Amino acid sequence: MSGSKLQIDGSTALVTGASSGIGRTIAETFAAQGVDTTICSREQGNVDPVADEINESDAPGRILPIECDVRDREAVDRMVARTVDEFGGLDVLVNNAGAAFKCDFDELSENGWKTIVDINLNGVYNCCHAAKDALKDGGGSVINLSSIRSQEAAPHETHYGAAKAGVNSLTASLGNAWAADDVRVNGVAPGFIATPGAVTVGDTDPDEIDRTTVDRRIGTTDEIADVVEFLASPASSFIVGEMITVRGVPTFTEKPD
Ligand code: NAP
């Protein structure tokens, strides 16, 4: 495969939830490729420093920071319109904004259930629906962040697992529906990734993780951003409607004798 096929198709992107963690690394990766990228989070004060740092670096891509809660459809519409105004179009949408908390199902409030479904699933609907005309204008790519929790039992995260399973289904259905408009829709389902948020739970220093070690079950944000970059590039041209699991070494349970 020639290296040029990994160059991201088109020149503009929108990454939701990019004030920290995986979204921030995706924005840095895109900017390094020369992709002009809108980033959003719920607080302008959280995305501004990310934009400042990237815009003041040598990265050829420009970052536009916007305060936008993906649950708020009108705010999402305004964000997409501003992106198109500023950059002249939208080629790549990364639905990364997400949230989770652990709670047994029996203790889970209706508000807790709805909040997690709202951010992780309805937010993806809002962004895809708001961006559909811009993406179909010249073709594009959508990458949805799911989770391995969508594929297996998650007794303390029923709400999160169910919402992400909805994202998997939406990814397959939209992949089919938008193919005729030259828009590829795919997703990434990470395992445990050492983001600042996850680190407080898992007690792992992301800087200690060695990418060259195969035998791991904790990944870095770069290892997700690289797969997102691949899915946004022509190197993945025949991948449509797929969810790529990125979890390191698979678990294996011995059968009892
Ligand atoms: P993170 O570090 O907690 O970052 C989440 C980002 O989403 C932040 O920028 C946050 O910004 C933003 N956000 C939260 N709610 C939002 C909303 N309603 N509207 C707009 N932005 C919002 O998360 P992460 O670990 O990088 O995870 C990124 C994605 O990967 C998520 O979809 C997550 O479910 C998925 N994932 C992560 C892991 C992991 O181990 N880290 C594993 C599997 C899947 P503000 O707080 O500033 O709004």
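Visitor: Where does the ligand sit?
Guide: In the largest pocket. Keep in mind that this is a predicted model.

Visitor: Which elements give two or more residues to the shell around the ligand?
Guide: Those are α1, α5 (158-177) and β7 (192-193).

Visitor: And how many residues surround the ligand?
Guide: The count is 27. The closest are Ser-19, Ile-22, Arg-42, Asn-96 and Tyr-160.

Visitor: What lies 2.9 Å from a nitrogen atom of the ligand?
Guide: An N or O atom in the side chain of Asp-69. Val-70 also comes in, with a backbone N or O atom 3.0 Å from a ligand nitrogen.

Visitor: What about an oxygen atom of the ligand?
Guide: One is 3.1 Å from a polar backbone atom of Gly-17.

Visitor: How much of the ligand does the protein bury?
Guide: The protein covers 87% of the 900 Å² that the ligand exposes when taken alone.

Visitor: Switching topic. Where is Gln-33?
Guide: In the loop that runs between α1 (21-32) and β2 (36-41).

Visitor: Which residues does Gln-33 touch?
Guide: Leaving out residues up to four places away in sequence, Gln-33 touches Leu-6, Gln-7, Ile-8, Pro-60 and Glu-229.

Visitor: What does the side chain of Gln-33 make with Gln-7?
Guide: A polar contact, side chain to side chain, at 2.9 Å.

Key:
Residues are numbered from 1 along each chain as its sequence is written. This is a predicted model: local features need pLDDT of at least 70, side-chain atom pairs count only at pLDDT 80 or more; totals for chains, interfaces and linings use all residues. Side-chain values use heavy atoms; hydrogens and water are left out. Helices (H or I, at least four residues) and strands (E, at least two) are DSSP runs, numbered from the N terminus. A polar contact is a pair of N or O atoms within 3.5 Å; within protein, one must be able to donate a hydrogen and the other to accept it, and residues adjacent in sequence count only if both atoms are side-chain atoms. Contact means heavy atoms within 4.5 Å. A residue is near a molecule or strand if one of its heavy atoms lies within 4 Å of it. Accessible areas come from the Shrake-Rupley method with a 1.4 Å probe; for residues, only the protein chains shown count as cover. On a 1 Å grid over the protein atoms alone, a cavity is a set of points where a 1.4 Å probe fits but cannot get out, and a pocket is an open set with protein on both sides within 12 Å along at least five of seven lines; lining residues have an atom within 4 Å of a point. A molecule sits in a cavity or pocket if more than half of its atoms lie within 2 Å of its grid points.
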